[in-house]
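Colleague: Could you walk me through this structure? I would like to ask a few things as we go.

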Amino acid sequence: MTQYEGITRRGMLGLVGAAAATVPLDSGAAGAQAASGEVTVRMTVNGSATSLTVDPRVTLLDALRERLQLTGTKKGCDRGQCGACTVHVDGRRVVSCLTLLATLDGASVTTIEGLADGDRLHPLQQAFIEHDGFQCGFCTPGQIMSAAAVIAEGGARTDAEIREQMSGNICRCSAYPGILAAIRQARTEMR
Amino acid sequence: MTVSPIGREIDRVDGPLKVTGSAPYAADYRPEGLVYAYLVQATVGRGTVRGMDVSRAEAAPGVIAVFTPFHPLPLKSPSGESGENYSALQDTAVRFRGQIIGLVVADTFERARDAAALVSADYTVTPSRTSLADAGPGVPQGLVQKLAPGVSSIDAALASSPVTITTSVSQHAHHHIAMEPHATTAVWVDDQLTVYCGAQSPQRAAATIAARLGVEPAKVRLICRYTGGGFGQRSPVWNEALLCAAAARALRRPVKLVLSREQVFTAIGHRAAVRQTIRLGAEADGRLRALSHDSDGELPAAGGWQMMPGRDTSAVAYRTPNIRIDQRLVTLDTPPTWSMRAPAEAPGMFALETAMDELAVRTGVDPVELRLRNYATEDPVEGHPFSSKYLDECYRVGAERFGWSRRTALPRSQTDGDWLIGMGMASALYPAWRQPASARARFRDDGRVAVASATSDVGTGAFTMLAVVGADELGLPVSSIAAEVGDSALPPGGVGAYGSSVTTSTVPAVQAACRAAVKALVQSAVDNPRSPFAGLAPATVRYRQGRIEANGRSVDFRTLLRTMGVPHVEAVSTSAPDKSASQYKFHCFGAHFCEVRVHRLTGEPRVNRFTSVFDVGRVVNAKAARGQLTGAIIWGIGHALLEADPIEPDGRFAAASMADYLVPVHADTPEIDVHWLDRPDPHISEFGARGLGEIGLVSSAAAIGNAVFNATGIRVHDLPITIDKLL
Ligand code: FES
Ligand code: FES
């Protein structure tokens, strides 16, 4: 019989947005002010120490894509509405489009490029391939990063929970059934 | 012995790149010296730009140039193509709200974006025509009529029918919402342009860009190896990409233009809003005597795709002696329209299948039985037989898998707590279209065979289709094939990824190219003096599973090529439909069965489950086929329950963001049971595949609407079916 979920899709989008918004508040440090109005941020990206001096308007998403050439993280809306830009900051999933780089001094960032263990795919990456959890692939890095965090948070226990917790990541190709199957499989392998 | 991969569960060959974030999309290229562009769009619905103040933008840090109608980038006018009928910045006319009126280029994305916000414009405003409902009947564009001998008009046929049904339905604009916003990276090296830009038809797009920039076609190469969704919105070239290429030419440096999500809603075409009326005349037992389908579709003054929702639906679906399809177009001052997945078939079949459900209710005939009573074995207007049609089997298998016999016809008769449960069904059909197509097969001395066609994989699985068909044809494992698409520099004749035609058209071309490449390999083996087969008659040499064999010797092609000192041997072939094809009507078919629940108190509609069975000819890759079919069914959930962008009187879209324009999310997606009959189409090609990228969307919304009626007794005619309409 069908599960009737309690949380609405709007509720879910709100939760994801809220998670992103709390990062700046929690991380505290505002970053060192550079002479030209730019800020210098020192952080760890996929395990490597990185220092960037940027315009304070730069988001984490644009910093990854345009400054660090980590283009695996995608921009689908730039407004926190689609989840394509999901990365991990200090182990929590955030939408990087709503995260200003200047707030991340001292933070540790993991992107899709940092998920695999060398040439060995992460169980989620492998499961997405096996269950065809994508078509065009544009939402896929965000889906996988969200799923990894959801599983790590101890969520994704039931199909209904996966569907709710993954509802901040839109897939217009609508590969949702494959994504669900992939998360189910990887959940077992990751625990 | 290699097992044929055809029809099996094959992983996408582009999967590893996509799950690791290493597949490059248009905005992921970063040529040396790259600068960033940002659009400025009109903020009035119609009129003229009197003047623009660009001084603050030009003075902003990092700004390199500001282009406007008063300082334009040269572009030629479009000629003969459908789509936008003007070139941006070439005049001061404002045709719709959101039209491009400026382009700002700066050294960083942030600086370009913020400088664009500093540009202001003065307008002379004229009232816009935006309401389809108020416009009245449009101009007839596509009339199809067939009347039985002695019948004077469709109205007469309807009037003399014992049972008549009149159903009017409407839907607002729809947006494709491909997850990748439109992006272009344009790089000139001397007079040669390379454009990285998502495109469904790379060669057509490259030709359009060349024509609009006024350069030789050979000077433009378009690369779209990975594209974040198409759904129709990437079949034409829009003004934004042209401006990006023109700016790169003017500034002599690479330019990247990525539209914001909000800009995509107006700078890129949408599915036209449309209003339709179906009139059915039937016997008391439900057999049709007459079918009339009228439509009024939005056609923007700025150009667009013509919405003709009756032609491939009501004119094909059922046997009836009298048919009239009147498709009218209404000129409005709205952003351009464009084809969107099952462009006319999705709205058209929603109308027809809703009316058929009403006829079932009125006559008391079971909806499946009603459709069987009106089963067409030939095109009801032209009289051509269908090439291959097993829709009756789809109904039977689908009803069985779904448990249709458990449905009760009386609305509100099944409940689960506070939820009203309803079941509905609808039939689907979509034209199968084979175009001439070309492909190249190349034996390489690294031991792989490159199979290429200048089509595009917008998520449809074209890469994998080439690999599977190539592997099957050459008796090699799928991993031995290197598939290539998404580059206009591949051999001419790649088909565009639209009309569900890539697989239908390209499979025969790949087969032909592989056969020709084998021939070429054999020829080179007997011709090349360094070859162990030198001097043999070609007929005595045979190719088998990657090996060349003759006189008891057997050499794999990699060794052979290396021994001969030849890096590769290749062939390009083109394959076109047989002349005999014209005597058939080619269509895919399907039957959707769906269960919904509607909350008794809140009116919230949710889809519980779907079962859909399709007759799509021979399937190349089960995994990709399932993805296309289920994905499209989920689009039907959007069509039925979520998607609408109403336009306001001033020409502004009311829902031009992803927070306001709702598409199905994971939590909207129920269990979906998709099944296909494995029946190759004997007339479409030797292989027998018909494209299946769109049919899943056709009528899935109608099945939901019919189930909602069964649950509640409420028939919603104006989509989407939202809570307010169920209270
Ligand atoms: S790009 Fe960040 S949520 Fe869409
Ligand atoms: S795979 Fe295309 S949007 Fe998810």
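## A walk through the model

Modeller: Happy to! A:Ser174 sits in the loop that links helix H5 (159-165) to helix H6 (176-190) of chain A. Please keep in mind that this is a predicted model.

Colleague: Thanks! Is A:Ser174 buried or exposed?

Modeller: Residues under 20% relative accessible area count as buried. A:Ser174 has a relative accessible area of 1%, so A:Ser174 is buried.

Colleague: And which residues does A:Ser174 touch, leaving out those up to four places away in sequence?

Modeller: Contact here means heavy atoms within 4.5 Å. With residues up to four places away in sequence set aside, A:Ser174 touches B:Gly631, B:Ile634 and B:Trp635.

Colleague: Let's go to chain B. Which side chain makes a polar contact with that of B:Arg212?

Modeller: B:Arg212 belongs to helix H6 (residues 202-213) of chain B. Its relative accessibility is 4%, so B:Arg212 counts as buried. At 2.8 Å, the side-chain partner in the polar contact is B:Ser87.

Colleague: Good to know. What is the order of the strands in the open sheet of chain B?

Modeller: The sheet is open, has 4 strands and shows mixed pairing. Strand S22 (481-484) and strand S26 (568-575) of chain B each have a single partner strand, so they stand at the edges. From one strand to the next, the twist averages 15°. The order in chain B is S22-S21-S20-S26.

Colleague: Within S21(B), which residue is the bridge partner of B:Arg440?

Modeller: Strand S20 (residues 437-444) and strand S21 (residues 449-452) of chain B run antiparallel and are joined by 4 bridges. In S21(B), B:Arg440 has as its bridge partner B:Ala452.

Colleague: At about what angle to S20(B) does helix H14 of chain B run?

Modeller: Helix H14 (residues 557-564) of chain B lies across S20, S21 and S26 of chain B. Its angle to S20(B) is about 75°.

Key. Residues are numbered from 1 along each chain as its sequence is written. Chains are lettered from A and ligands numbered from 1 in the order in which they are written. This is a predicted model: local features need pLDDT of at least 70, side-chain atom pairs count only at pLDDT 80 or more; totals for chains, interfaces and linings use all residues. Side-chain values use heavy atoms; hydrogens and water are left out. Two strands pair if DSSP finds at least two bridges between them. Helices (H or I, at least four residues) and strands (E, at least two) are DSSP runs, numbered from the N terminus. Axes are lines fitted to C-alpha atoms, for helices over the stretch in contact, and angles run from 0 to 180 degrees between N-to-C directions. Buried means under 20% relative accessible area, exposed over 50%, partly exposed in between (1.4 Å probe, protein chains only). A polar contact is a pair of N or O atoms within 3.5 Å; within protein, one must be able to donate a hydrogen and the other to accept it, and residues adjacent in sequence count only if both atoms are side-chain atoms.
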